[in-house]
Amino acid sequence: MKKLLTTTVMAASLSVLTLTGCTSTTSTGAVGVDRQQLLLVSSEQVLQLSAQSYNKTIQEARAKRLLDTNTAQLNRLKKISNRLVGQVGVYRPDAAKWPWEVHTIKSNELNAFVLPGGKIMFYSGIIDRLNLSDDEIAAIMGHEMSHALREHSRERLSRQYATQTGIGVAASIFGLSQGQAELANVAGDLGLSRPHSRTQEAEADQIGLELMARAGYNPQAAVTLWQKMQRASQGEPPQFLSTHPTSGNRIAQIQSLLPKVMPLYQKARR
């Protein structure tokens, strides 16, 4: 009886897992991102966690007088973000209506991120120390925006939730609300800034290149950006690279995508 019950629960769980995972958060775009994602956690839950993390970061930076200290730099980032946000509808129309925000933190760190829901943060160090051009900033921003569009944080939380609850979908059978305590623990342990998988990184590279091309930023700048990041990683890896593995293979993969996105860039420039 116990064996039969276990088998039944596992079968039911796997069925729900399969059904829940058969979805994609974005359209394929010109670069052809087409992967089914496991999404056990709701967007609303991830947005709530994201808002808490973002607000804490903002409050701490403001208290230390490190938030948005360089008006010219902030306006530069806002201009770039506005052009990129204007293209997100290619992948998901609802994202154009997200409450996008851009902030800067005065810090020597090489770091930048975009949290779920469109919360963009750049550390001044990544711009100043790498002497980034607008095109290179667009490469970073487009890459990070792509993580948000594809809801990679939601996907990671879902996978971690599945792992920590055994078969991972019992809560979805009885209602995910019963797993709130477990989800909170998972979110606290995993965090929203932990490393993305290689698959997610590849997707962000692809989508980011298309976004910047459609916005009129030269996709070839993604190559020079990662070359700069490689040089900066000699010795102690920067914070940005701790969640964004880079290598000659990655640059080669970006270069292989250029024929797909350069026509979009040329069209935008016309």
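Reader: What makes a stretch of the protein chain count as one of its helices or strands?

Author: Helices (H or I, at least four residues) and strands (E, at least two) are DSSP runs, numbered from the N terminus. The protein chain has 12 helices and 3 strands. This is a predicted model, in which local features need pLDDT of at least 70, side-chain atom pairs count only at pLDDT 80 or more, and totals for chains, interfaces and linings use all residues. Residues are numbered from 1 along each chain as its sequence is written, and side-chain values use heavy atoms, leaving out hydrogens and water.

Reader: How do you know that S2 and S3 pair?

Author: Two strands pair if DSSP finds at least two bridges between them. S2 and strand S3 (residues 119–123) have 4 bridges, in the antiparallel sense, so they meet that definition. Phe113 stands opposite Met121 in S3.

Reader: Why are S1 and S2 called edge strands?

Author: The open sheet has the order S1-S3-S2, with mixed pairing. Strand S1 (101–105) and strand S2 (112–115) each pair on one side only.

Reader: What is the angle of helix H3 to S1?

Author: Helix H3 (residues 71–85) runs at about 145° to S1 and lies across S1 and S3. Axes are lines fitted to C-alpha atoms, for helices over the stretch in contact (heavy atoms within 4.5 Å), and angles run from 0 to 180 degrees between N-to-C directions. Helix H5 (residues 134–149) lies across S2 and S3, at about 30° to S2.

Reader: What share of the residues counts as buried?

Author: Buried means under 20% relative accessible area (1.4 Å probe, protein chains only), and 49% of the 270 residues count as buried.

Conventions. Buried means under 20% relative accessible area, exposed over 50%, partly exposed in between (1.4 Å probe, protein chains only).
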